[in-house]
Amino acid sequence: MEMAAVLSLQSCSLIGLDRSGNKNGCSVRLPDRWSEQRKVQAVRFGDSRNIGAPLRSGYPELKIACCSKKNMGSENFHNSVDAALILKNKSEDVFPYLNGRCIYLVGMMGSGKSTVGKILSEVLCYSFFDSDKLVEQAVGVSSVAQIFKDHSEAFFRDNESKVLKDLSSMHRLVVATGGGAVIRPINWKYMKQGLTVWLDVPLEALARRIAAVGTASRPLLHQESGDPYKKAFAKLTTLSEQRGKAYANADARVCLDDIAAKQGHGDVSVLTPTDIALEALMKLECFLSENSSVTNSQYIQG
Ligand SMILES: Nc1ncnc2c1ncn2[C@@H]1O[C@H](COP(=O)(O)OP(=O)(O)OP(=O)(O)O)[C@@H](O)[C@H]1O
Ligand SMILES: O=C(O)C1=C[C@@H](O)[C@@H](O)[C@H](O)C1
């Protein structure tokens, strides 16, 4: 990976913070009438021209992310604003203890790393990156599926490790890692420079989400024929058996079954990405308070 790209990424991570490192430039994405205070951050790895460019469609607004139901009535609308504010408040509790450390989201394909990661980056005024996209940019190929096809899975994994190594010296990033990043111990060495969060989603929910969007972009799941849900479920089951222990290395585990149970639901499909982002911050808060000596002495604000 080009050093220029790495440097541009590092400078991106400072967007949204004032000179003292305080996040007074940060604002939660609320409905338009409240949006004058919006500060935006949108960057593209390796392209310094885009640093500080206005927010584009790839970044979901929190008001959208917190609403799961179509045609929301006013009651749901206000609930979503409440959820956004609760999330924002929690981010303010946790932020000082992060000391600028990056947050790495790990989990199976389709577990919501990108969706939840973008929300976390927004409320923490961190920059968001997807390691699959960084590998695509570093290799110069437009999709992970094409990298698998043109080269090999091993080639992809080598580049994934290089990307994680480069990221490990940076600050104030939320990184959605590739689903298989956890299988190489060296990647844990890099990710443990920051904080790691496992999004633990039941396989049925993963297979439902993946079947809904198709498997073409996910080479390890792709099958030309057969029922997409059943095929995805079978393959995810095998991968999860192989990787379960590796995901459990994460500092914090966000278990969707547990969040649904706490809310009195039996089905994780009712959970919004905002609910999940909030749980991630609460789990990080627990981890940080239980490991406060590491928090206070080992890291400096970047
Ligand atoms: N809480 C949620 N409820 C329902 N669907 C969700 C939720 N979170 C994410 N999704 C959907 O699931 C799909 C996968 O989400 P996302 O891309 O965020 O996962 P990912 O972990 O980054 O996946 P991958 O590692 O395969 O890139 C998307 O279609 C997304 O809209
Ligand atoms: O679970 C996996 O092994 C993968 C997940 C994706 O994010 C990509 O990194 C790639 O398709 C491999």
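The shell around ligand 2 is made up of four nonpolar, three polar and two charged residues. The members are Met 109, Asp 132, Val 144, Gly 178, Gly 179, Gly 180, Arg 218, Pro 219 and Leu 220; a residue is near a molecule or strand if its C-beta atom, placed from the backbone, lies within 6 Å of it.

A word on conventions before going on. This is a predicted model, in which local features need pLDDT of at least 70 and side-chain atom pairs count only at pLDDT 80 or more, while totals for chains, interfaces and linings use all residues. Residues are numbered from 1 along each chain as its sequence is written, and chains are lettered from A and ligands numbered from 1 in the order in which they are written.

Now to the other ligand. Around ligand 1 there are 17 residues, of which Met 109, Gly 112, Lys 113, Ser 114 and Thr 115 come nearest. Six are nonpolar, seven polar and four charged. Helices α4 (113–124), α9 (203–213) and α12 (273–290) each give at least two residues to this shell, and α4 has the largest share, with three. Helices here are DSSP runs of H or I with at least four residues, strands are runs of E with at least two, and both are numbered from the N terminus.

The protein has 13 helices and five strands. The strands form an open sheet in the order β2-β3-β1-β4-β5, with parallel pairing. At its edges are β2 (127–130) and β5 (252–255), each of which pairs on one side only. From one strand to the next the twist averages 20°.

| Strand pair | Sense | Bridges | Facing residues |
|---|---|---|---|
| β2 and β3 | parallel | four | Phe 128 and Val 174 |
| β1 and β3 | parallel | three | Tyr 104 and Val 175 |
| β4 and β5 | parallel | four | Val 197 and Ala 252 |

Strand β3 (residues 173–176) sends Leu 173 and Val 175 one way and Val 174 and Ala 176 the other, and all of them are buried. Buried means that 20 or more other C-beta atoms lie within 10 Å of the residue's own; with 12 or fewer it is exposed, in between it is partly exposed, and C-beta atoms are placed from the backbone.

Helix α12 lies across β4 and β5, at about 150° to β5. Such angles run from 0 to 180 degrees between N-to-C directions, with axes as lines fitted to C-alpha atoms, for helices over the stretch in contact. The 18 residues of α12 reach 26 Å from first C-alpha to last, close to the 26 Å expected at 1.5 Å a residue. The buried residues of α12 include Pro 273, Ile 276, Leu 281, Lys 283 and Leu 288.

Helix α10 (residues 228–247) holds Ala 232. Ala 232 counts as buried because 27 C-beta neighbours lie inside 10 Å.

Across the protein, buried residues make up 40% of the 302 residues. Of the contacts between residues at least 6 apart in sequence, 72% join residues at least 24 apart, a contact being two C-beta atoms, placed from the backbone, within 7 Å.

Notes: Nonpolar A, V, L, I, M, F, W, Y, C, P; charged D, E, K, R; others polar. Pairing = 2+ DSSP bridges. Expected span 1.5 Å × (residues − 1).
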